[in-house]
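Notebook open, model loaded. I'm jotting down what I look up as I go.

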Amino acid sequence: MRPPSNAPDRERTFRLLYELVYPELMRFVQRRAHPDQAEDVVADAFLVVWRRLDELPSSRGDARAWIFGITRNILLNTHRGERRRLALGVRLADAAALASLDDDADPIVNRVDLASAWHALSEVHQEALGLVVFEDLKAPEAAAVLGISPVAFRLRVSRARRALRLLLEHLPRQSRTPAASFERTTTP
């Protein structure tokens, strides 16, 4: 146990860290877990952070990546438990429901295409792109979250982008066909 003289410093460090990272960590978890579980996962993550506070990296970026890595591991454990019980996956917008909207909704069609392509990506690719796009982590930080080298992470992101691009190029364009046909028949 730590001497009592270090307790205020430890508590102060934890409070500052909590205030700094909590909002980002909550968004990170909300994108990856059921909203009802987000607060529990973040609370579990900060419990681990409190226990392992002596291991906190000194730089702000490294500390942030360290906490995201802890949270990711908690999420993975949570997901493994859920899969065993319910086989839940990542939830995205219901593409079929959005596709039935009228044809003036081209941005919506693009979103549906992106959502469909995203859903077709492997979990590894989704995770790599998510850390860059949603969490705004730099390659070394995201690599630390995943426990891989920055070079390996950059390669993974490159492959994920290529896979997403290929999926977007080869998606069936059924939702756009009626609009194009309608415009051709009504334009003088």
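Which residues does E135 touch, not counting residues up to four places away in sequence? I get E24, F28, R31, R32, R64, F68 and G130, where a contact means heavy atoms within 4.5 Å.

Ground rules before I go on. This is a predicted model, where local features need pLDDT of at least 70 and side-chain atom pairs count only at pLDDT 80 or more, while totals for chains, interfaces and linings use all residues. Residues are numbered from 1 along each chain as its sequence is written, and side-chain values use heavy atoms, with hydrogens and water left out.

**Entry 1: overall make-up.** I count nine helices and zero strands. Helices (H or I, at least four residues) and strands (E, at least two) are DSSP runs, numbered from the N terminus. Of the 188 residues, 32% count as buried; buried means under 20% relative accessible area, exposed over 50%, and partly exposed in between, with a 1.4 Å probe and protein chains only. I also looked at contacts with a separation of 6 or more: 67% of them come from residues 24 or more positions apart.

**Entry 2: back to E135.** I find E135 in the loop between α6 and α7. E135 counts as buried because its relative accessibility is 4%. Its side chain makes a polar contact with the side chain of R31, at 2.8 Å. For that term I use a pair of N or O atoms within 3.5 Å; within protein, one must be able to donate a hydrogen and the other to accept it, and residues adjacent in sequence count only if both atoms are side-chain atoms.

**Entry 3: D136.** D136 is in the loop between α6 and α7 too. I note that D136 is exposed, at 58% relative accessible area. Its phi is near 55°, a positive value in a residue other than glycine.

**Entry 4: α7 and what follows.** Six of the eight residues of α7 are buried, so I have it down as largely enclosed by the rest of the structure. The buried ones are A139, E141, A142, A143, V145 and L146. After α7 comes G147, with a positive phi near 75°.

**Entry 5: the core.** The largest nonpolar core has 40 residues, and L25, V29, V49, L131 and F153 have the most contacts inside it. Such a core is a set of buried Ala, Val, Leu, Ile, Met, Phe, Trp, Tyr and Cys residues joined through side-chain atoms within 4.5 Å. Elements giving two or more residues to this core include α1, α2 (35-51), α3 (60-85) and α8 (150-169). I followed up L131: not counting residues up to four places away in sequence, its contacts include F28, R32, L137, A142 and F153.

**Entry 6: α6 against α8.** These two pack at an angle of about 105°, with their axes 9 Å apart. Axes are lines fitted to C-alpha atoms, for helices over the stretch in contact, and angles run from 0 to 180 degrees between N-to-C directions. α6 and α8 are therefore roughly perpendicular, a label for 65 to 115 degrees. Among the residues that meet are L131 in α6 and F153 in α8.

**Entry 7: V21.** I place V21 in helix α1 (residues 7-30). V21 is buried, at 1% relative accessible area. Not counting residues up to four places away in sequence, V21 touches F46, I67 and F68. Its C-alpha is 9.5 Å from that of A63, 42 residues apart along the chain.

Definitions and conventions: Angles under 35 degrees count as roughly parallel, over 145 as roughly antiparallel, 65 to 115 as roughly perpendicular and the rest as oblique.
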